[in-house]
Amino acid sequence: HPIDALARGRVERRDDALAVEEPLEIRVVAGGVERRVTVTMRTPGDDVELALGLLVAERVVDGPAAIAAWRRCGSQGNVLKAELAPGVEPRLQ
């Protein structure tokens, strides 16, 4: 992205990198029922780790063993489904 930067007392035109921020919708699937947990903004990359950390921190699941599989969906891949292991029920109050 072009910017005007002050360097050595002068304004210089140069390119600068920008971080991209996009939404990520996190869903859980348990017993064939899909539930939306949240939508968060993030810099794309490491989405599974982010989603797992959020699900554990919010006490939706107890830990990584609660997740049987991850599925990405949505037209832009901005939806991540955590398919829970058999017998695991999410805590969604």
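Which residue forms a salt bridge with Arg91, and how many Å apart are the closest N and O atoms? The partner is Asp62, and the closest N and O atoms of the two lie 2.6 Å apart, where a salt bridge is a side-chain nitrogen of Lys or Arg within 4 Å of a carboxyl oxygen of Asp or Glu. This pair links distant parts of the chain, 29 residues apart, with Arg91 in the segment after β6 (79–84) and Asp62 in the loop between α1 (47–57) and β5 (67–73); helices (H or I, at least four residues) and strands (E, at least two) are DSSP runs, numbered from the N terminus.

The model is predicted, so that local features need pLDDT of at least 70 and side-chain atom pairs count only at pLDDT 80 or more, while totals for chains, interfaces and linings use all residues. Residues are numbered from 1 along each chain as its sequence is written, and side-chain values use heavy atoms, with hydrogens and water left out.

By this rule the count comes to 11 salt bridges, among them the three tabulated here.

| Pair | N to O distance |
|---|---|
| Arg91 and Asp62 | 2.6 Å |
| Arg8 and Glu12 | 3.3 Å |
| Glu22 and Arg42 | 3.8 Å |

Glu22 in strand β3 (residues 22–30) and Arg42 in strand β4 (residues 33–42) are 20 residues apart, and their pair also links distant parts of the chain. Arg42 is buried at 7% relative accessible area, whereas Glu22 is partly exposed at 28% (buried means under 20% relative accessible area, exposed over 50%, partly exposed in between, with a 1.4 Å probe and protein chains only). Arg8 is exposed at 76%, and Glu12 is partly exposed at 22%.
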